[in-house]
Every structure is written in structure tokens, then in C-alpha cells.
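Colleague: I'd like a close look at one helix pair in this model. Please start with the geometry, then move on to what surrounds it.

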Amino acid sequence: MEKKLLLGDEAIALGAIHAGLSGVYAYPGTPSTEITEFIQTNQIAKERGIHSRWSTNEKTAMEAALGMSYMGKRALVCMKHVGMNVCADPFVNSAMTGVNGGVVVLAADDPSMHSSQDEQDSRFYGRFAMIPVLEPSSQQEAYDMMAFAFDYSEQQKLPVLMRVTTRMAHSRAVVKVSDVAREQNAMNYDAVAANWVLLPANARRRNDAVTAQQVTLEADAAGSPYNIYTAPEEGKHYERGIIATGIAYNYVMENYPEGAPCPLLKISHYPLPKEQVLKLCRQCDSVLVIEEGQPVVEEMLRGVMPGCARVEGRLTGELPRTGELNPDIVRKALGLPASESHAVCDDVVGRPPALCQGCGHRDVYKALNEVLAEYDHARVFGDIGCYTLGFLPPFRAIHSCVDMGASITMAKGAADAGQWPAVAVIGDSTFTHSGMTGLLDAINENADITVILSDNLTTAMTGGQDSAGTSKFEAICRGLGLSEEHLHVVVPLPKNMPEITRIIREELNYHGTSVIIPRRECMQTLQRHMKQKRKEAREQAK
């Protein structure tokens with residue numbers, strides 16, 4: 001064993017490599033991005049040829065992982081929590097098909113919405129699909145759990161969902177890691193077609209089997225090394241007990257460094273270990289549930305606990321209903337005096353995000369605002385990406401941003417309602433992620449919309465990963481049936497502003513579907529590429 005200082009994401013990635021991973025499939029999304037990036041640069045992964053290219057979206061990632069599993073290999077699927085919505089169809093059905101090679105689905109939740117549209121809790125998806133869920137409480141557990149998760153997936157013939165949160169993903173700790181990586185699975189043909197072909201007759205049989213399997217999964221959770229019950233004195237009755245899940249367990253232990261003075265149940269392996277829950281409840285008058293995210297366990301407890309014990313937590317006000325937990329919030333819920341050690345510093349002044357100086361999106365919004373000022377009640381439907389910052393000053397250029405790919409379909413719906421002009425602004429990576437089908441709908445009806453497909457040649461918002469459609473967008477639009485006459489490519493620079501505004505104005509006045517592609521490389525990736533070229537030039541000159 002050796003020690004490494006690792007982010008939670010890095011611990012997960014290294015744990016997967018050491019567990020015999022054959023492929024990671026992912027779409028970049030904070031706070032999960034670093035998992036795939038670590039695997040892409042890891043020497044063992046390179047030597048073993050572990051697949052690590054980005055997928056077009058989370059649905060294609062999940063389906064590709066199932067294909068690798070079908071052939072007997074181990075696959076990891078990574079995404080942020082809203083990505084679970086995109087891959088929900090194959091994810092839920094993967095419980096019905098089962099797995100051949102192990103499959104671990106990593107969902108990185110974002111309480112307090114640091115970089116997200118909502119605070120959804122991915123544990124609900126695990127319950128919904130009736131599959132095991134793991135929730136590490138530390139970076140060490142995150143590393144250790146990967147081997148356990150892949151082994152358990154193959155043992156139970158089910159995918160395993162691992163759920164982490166922003167603080168776990170993006171904080172560092174010393175992790176003891178193995179210096180030996182397990183060999184990859186050999187390819188096999190053991191997948192049973194009758195399980196993987198979800199005709200109703202097969203699906204009904206599998207549904208009965210997976211439902212019956214829940215008894216085994218609950219028993220395994222009750223005996224899991226990741227679910228730990230402690231009490232100062234066995235048999236003694238206490239006024240309060242504590243249930244803490246995942247990273248929230250760390251916050252409890254920061255406040256009780258010498259150990260909790262009451263019964264404490266740590267839960268990091270689901271389904272809910274009902275036997276341990278009942279044991280704790282019988283010893284206590286009330287149970288405080290401390291969990292990061294939504295009150296998943298707190299709500300489940302109300303159907304498990306005997307009536308003599310009260311359930312306390314987010315739903316009853318001891319903990320805030322929304323937002324991240326921290327040691328101070330937990331300390332207050334535990335009834336402990338405030339501590340200065342975790343006090344928030346008042347010296348840091350908040351700074352709103354802004355588009356980079358020189359960013360092509362700035363020129364796009366400047367041109368768009370100039371033209372739309374000529375129209376009454378123009379509406380611009382935005383999307384997920386750096387360009388969402390166009391909502392903020394000085395541009396104030398967009399009127400909506402709901403989910404990946406929604407700009408084009410919302411603009412079409414608005415046009416269907418009679419809105420004109422209706423403009424959609426979407427980025428290159430988001431377009432291939434989930435915007436193409438919306439454009440096909442618009443083209444099929446020749447909807448009266450203008451689409452601004454702002455191409456900065458990368459997935460900029462998450463750090464400059466490859467964009468799936470680079471150099472293909474004109475061909476994609478033509479292939480979807482867009483008229484060549486209403487497909488334009490421009491370079492967003494101040495000197496080109498007259499040309500850009502002219503094209504926007506002409507296409508707004510064309511009552512049909514048109515696409516304008518402003519194309520200029522992201523300033524951040526451009527600087528990196530120029531730095532790399534200078535380095536290569538210096539090396540060649542030596």
C-alpha cells in the first residue's frame with residue numbers, strides 16, 4: 001500500500017482502475033468531470049488501453065457501458081446529478097437486463113447548486129430502479145468502494161449506483177491505495193439474451209426476479225462493512241440517537257472527535273439497513289437524521305421505525321430544508337454551542353461570474369442585442385453552457401435556460417404559439433448532447449425560429465474537453481434537412497459585426513428555420529494550445 005493525496009473524484013477513478021476497469025463512459029459535468037480526466041491521463045489506464053473518450057451525452061454513455069458489460073468487461077459511467085435524468089431510460093432498464101461484467105454508475109450531486117439547475121438527490125434513482133446504492137463518507141471509502149462495487153455488481157448481476165456530493169468530489173485527503181491493479185476481465189459470451197431482450201414476457205420475468213432480490217440486497221446492506229452501528233453502552237436507553245449518511249457522517253465526527261455520546265448509525269450502503277435502524281430506534285426516544293441532499297432516509301424511516309421514536313431532521317426543522325450541510329449546521333442540530341473554528345470569513349467579497357474577455361460569445365450577444373432592439377417583444381431561449389452568463393449584465397440577452405438542449409425546442413414551441421421573433425442560443429457541445437433532435441423537429445415543420453449555434457470548438461464550461469461535433473456542424477444541419485440558403489457560418493469579431501448583424505436580421509425576417517454558426521475558439525483553450533505550440537517549437541529548436 002502507498003499513500004496519495006487525492007480528490008474524491010481522483011480516488012474514485014484510481015479505485016476503478018485498480019478494480020480492473022475496461023472503460024469509462026461520461027459526459028463532462030461538475031462535479032464529476034475530474035474522474036474521467038484522471039483516467040485519461042493515468043499511466044496504467046494508457047498501458048491497458050482503458051476506454052476513456054467522452055460520450056456525446058449521458059444516455060449514450062450508459063448504453064455504451066451496458067454494451068461493454070454485455071461482453072463481460074467492467075465499465076464505469078460518470079455524470080452529474082442532472083445527467084441521471086438524461087440516462088434514466090437505459091439506467092432504469094439496466095436493472096431489468098442485469099449485467100454480465102460489473103457496471104458502476106457514478107452520480108455526483110450538487111447540493112446548494114454551485115453549478116446546477118437543481119438539488120436533486122440521485123439516491124431516489126437507486127430506489128426507483130431497485131438497485132444497490134453506495135455513498136462514501138470519505139475519500140478512502142470512495143477508493144475502497146470501487147472494488148467492492150464492481151465485485152458486488154457481478155455477484156448480484158445488477159448495476160451499482162455510487163452517489164457522491166460536491167464536497168466529497170472536490171476535497172482532498174490522504175488515501176491508502178494498492179500498488180497492484182487487478183487484471184481486466186476476459187471477454188466472455190455469458191450474457192443471456194432472454195434477459196437482455198426486454199420484450200414484455202422477458203421483462204415481466206426479470207421484474208419479478210429483481211423485486212424478489214430486494215430481500216438479499218437488504219440483508220447484504222445490514223451486514224455491510226460500510227454501515228456501522230456504535231453505542232456508548234449496549235442496552236442503555238438514550239434520549240436521542242443519530243443516523244448519518246455519506247459525507248454527513250464526517251460532519252458529525254468533526255463535532256464528536258472522541259466518539260458520539262449516543263447511538264450512532266453510519267449508512268453508506270443501501271437499501272436501508274432496517275435491522276440496524278430498528279436497533280437504534282428501540283434505544284432512543286428520538287432519532288436525528290443527518291444526510292446531505294434531500295430527506296431520503298428521513299422519509300423512509302417513518303415507514304420503518306416503531307411509533308415510540310420521533311424522527312427529526314430536514315423535514316422537522318432541526319436541519320435546513322435546502323442547501324449543503326457543514327460542521328456548523330450539524331453542530332447546531334446536535335445542540336452543541338457554536339464553534340469559532342468553522343466560522344465563515346466575512347472578508348471574502350462575492351464576485352459574480354462573467355464571460356471571459358475576448359470570448360466569442362460576447363460578440364454574439366452584442367450583435368444579437370443590436371438587432372433585436374429593432375423588434376417588439378423578441379424572445380431569446382438560452383441553454384446550458386458558458387453562454388448562459390448572457391443573462392447577466394451587461395448583456396441581459398436571454399430569457400430562459402431550463403436544461404440541456406431545451407433552447408431549440410422551447411423556441412419552436414414559442415413560435416408554435418405565435419411568438420416572433422423566436423431565437424435559440426445553444427453551444428456546440430450542448431447541440432450534439434441533446435439539441436439535434438429539437439432542430440430536426442423545427443426543420444420538419446419549418447418552424448419560424450432562428451438558431452444561433454455558438455461554436456467555440458470545445459466543451460468550455462467544464463474545462464475544455466473535446467466537443468463531439470467539432471468540424472461536423474454544417475454537415476449535421478444539412479443532414480437534418482436544413483436549407484443551404486439558411487445555414488451561415490460567421491467569425492464573431494468586432495470587425496465582422498456589420499456582416500453578423502446583417503445575417504441575423506435577414507434570418508429573423510425569413511419565416512422558417514435557419515441556423516447561424518458563430519465560430520471562434522474559446523480563449524482558455526486557445527491560450528493552452530498556443531502555450532503547447534510554443535513549447536513544441538522550443539523543443540524542436542534545441
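Colleague: At what angle do α16 and helix α20 (residues 497–508) pack, and how far apart are their axes?

Modeller: First, the ground rules. This is a predicted model, so local features need pLDDT of at least 70 and side-chain atom pairs count only at pLDDT 80 or more, while totals for chains, interfaces and linings use all residues. Numbering runs from 1 along each chain as its sequence is written, and side-chain values use heavy atoms, with hydrogens and water left out.

Now the pair. α16 and α20 pack at about 50 degrees, and their axes are 9 Å apart. Axes here are lines fitted to C-alpha atoms, for helices over the stretch in contact, and angles run from 0 to 180 degrees between N-to-C directions. The helices themselves are DSSP runs (H or I, at least four residues; strands are E, at least two), numbered from the N terminus. That angle makes α16 oblique to α20. The scale is simple: under 35 degrees is roughly parallel, over 145 roughly antiparallel, 65 to 115 roughly perpendicular, and the rest oblique. The crossing is right-handed, meaning that the near helix is turned clockwise from the far one by less than a right angle.

Next, who touches whom. From α16 come Asp-363, Lys-366, Ala-367, Leu-368, Glu-370, Val-371 and Leu-372. They meet Met-497, Ile-500, Thr-501, Ile-504, Arg-505 and Leu-508 of α20. Contact means heavy atoms within 4.5 Å. By type, the contact residues divide into eight nonpolar, one polar and four charged. Ala, Val, Leu, Ile, Met, Phe, Trp, Tyr, Cys and Pro count as nonpolar, Asp, Glu, Lys and Arg as charged, and the others, Gly among them, as polar. An α-helix has 3.6 residues a turn, so residues three or four places apart point the same way.

His-377 lies in the loop between α16 (360–372) and β14 (379–381). Its phi is positive, about 60 degrees, although His-377 is not a glycine. His-377 counts as exposed because its relative accessibility is 64%. The cut-offs, with a 1.4 Å probe and protein chains only, are under 20% relative accessible area for buried, over 50% for exposed, and partly exposed in between.

The axes of helix α17 (residues 406–416) and helix α18 (residues 428–445) come within 8 Å and cross at roughly 25 degrees. That makes α17 roughly parallel to α18. Ile-408, Thr-409, Lys-412 and Asp-416 of α17 make the contact, with Phe-431, Gly-435, Gly-438, Leu-439, Asp-441, Ala-442 and Glu-445 of α18. Here the residues divide into four nonpolar, three polar and four charged.
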